[in-house]
Amino acid sequence: MDLVQRFMEEIDDRDLSGDVMITNTGCFGICDKGPVVVIYPEGTWYGNVTDDDVEEIVEKHLEGGEKVKRLLI
């Protein structure tokens, strides 16, 4: 839940609340890669995401359209 909260804060800080929706889900079946973040509509999967990765994902991917390659699964 801390990771979800961190994403919510980052989205709010960047005034993206009207453009981005955050949904908490259950297991994706790849627990060894978790926590997992999936960006839709393109379906980009990030694995082993930490609080320290949130700002980079939001800035590079959500705002800049560039995938964070080191986290891709």
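**Tyr46 and its surroundings**

Mentor: Let's start here: the Tyr46 side chain comes to 3.0 Å from the backbone nitrogen of Val68. Keep in mind that this is a predicted model.

Trainee: What makes the link between the side chains of Tyr46 and His61 a polar contact?

Mentor: Set the distance against the cut-off. The two side chains are 2.5 Å apart at that contact, and the limit for such a pair of N or O atoms is 3.5 Å, so the label applies.

Trainee: Why is Tyr46 called buried?

Mentor: Its relative accessibility is 0%. Buried means under 20%, so Tyr46 qualifies. Tyr46 sits in strand β2, and, leaving out residues up to four places away in sequence, it touches residues including Pro35, Val37, Ile57, Leu71 and Ile73.

**Helix α2**

Trainee: How do you know that the length of α2 fits a helix?

Mentor: Compare two numbers. With 1.5 Å a residue, 13 residues should span 18 Å, and the end C-alpha atoms of α2 are 18 Å apart, so the two agree.

Trainee: Where is the kink in α2 centred?

Mentor: On Ile57, with a bend of about 35°. Ile57 is also one of the buried residues of α2, along with Asp53, Val54, Val58 and His61. Those buried residues pack against α1, β1 and β2. After the helix comes Gly65, with a positive phi near 75°.

Trainee: What makes Asp53 count as buried?

Mentor: Its relative accessibility is 6%, and the cut-off is under 20%, so Asp53 counts as buried. Asp53 belongs to α2, which runs over residues 51-63.

Trainee: Which side chain makes a polar contact with the side chain of Asp53?

Mentor: That of Arg70, at 2.8 Å. Beyond its neighbours within four places in sequence, Asp53 is in contact with Asn48, Arg70 and Leu71.

**Salt bridges**

Trainee: How many salt bridges does the structure hold?

Mentor: Eight. The general idea is that side chains of opposite charge can pair when their charged atoms come close.

Trainee: Why is the pair Arg14 and Glu55 called a salt bridge?

Mentor: Their closest N and O atoms are 3.7 Å apart. The cut-off is 4 Å, so the pair passes. Arg14 lies in the loop between α1 and β1 while Glu55 is in helix α2, so this pair ties together parts that are 41 residues apart in sequence.

Trainee: Is Glu55 called buried, partly exposed or exposed, and why?

Mentor: Partly exposed, because its relative accessibility is 39% and that label covers what lies between 20% and 50%.

Trainee: What about Arg14 and Glu10: how far apart are their closest N and O atoms?

Mentor: They are 2.6 Å apart, and that pair is a salt bridge too. Glu10 has a relative accessible area of 7%, so it is buried.

Trainee: What makes Glu56 and Lys60 about one helical turn apart?

Mentor: They are four residues apart in helix α2, which means a separation of about one helical turn. Lys60 is partly exposed, at 32% relative accessible area.

Trainee: Which residues do salt bridges with shared partners join into one network?

Mentor: Arg6, Glu10, Arg14, Glu55, Glu59 and Glu63.

Terms used:
Residues are numbered from 1 along each chain as its sequence is written. This is a predicted model: local features need pLDDT of at least 70, side-chain atom pairs count only at pLDDT 80 or more; totals for chains, interfaces and linings use all residues. Side-chain values use heavy atoms; hydrogens and water are left out. Helices (H or I, at least four residues) and strands (E, at least two) are DSSP runs, numbered from the N terminus. Buried means under 20% relative accessible area, exposed over 50%, partly exposed in between (1.4 Å probe, protein chains only). A polar contact is a pair of N or O atoms within 3.5 Å; within protein, one must be able to donate a hydrogen and the other to accept it, and residues adjacent in sequence count only if both atoms are side-chain atoms. Contact means heavy atoms within 4.5 Å. A salt bridge is a side-chain nitrogen of Lys or Arg within 4 Å of a carboxyl oxygen of Asp or Glu. The expected span of a helix is 1.5 Å times one less than its number of residues. The bend at a residue is the angle between axes fitted to the seven residues ending there and the seven starting there.
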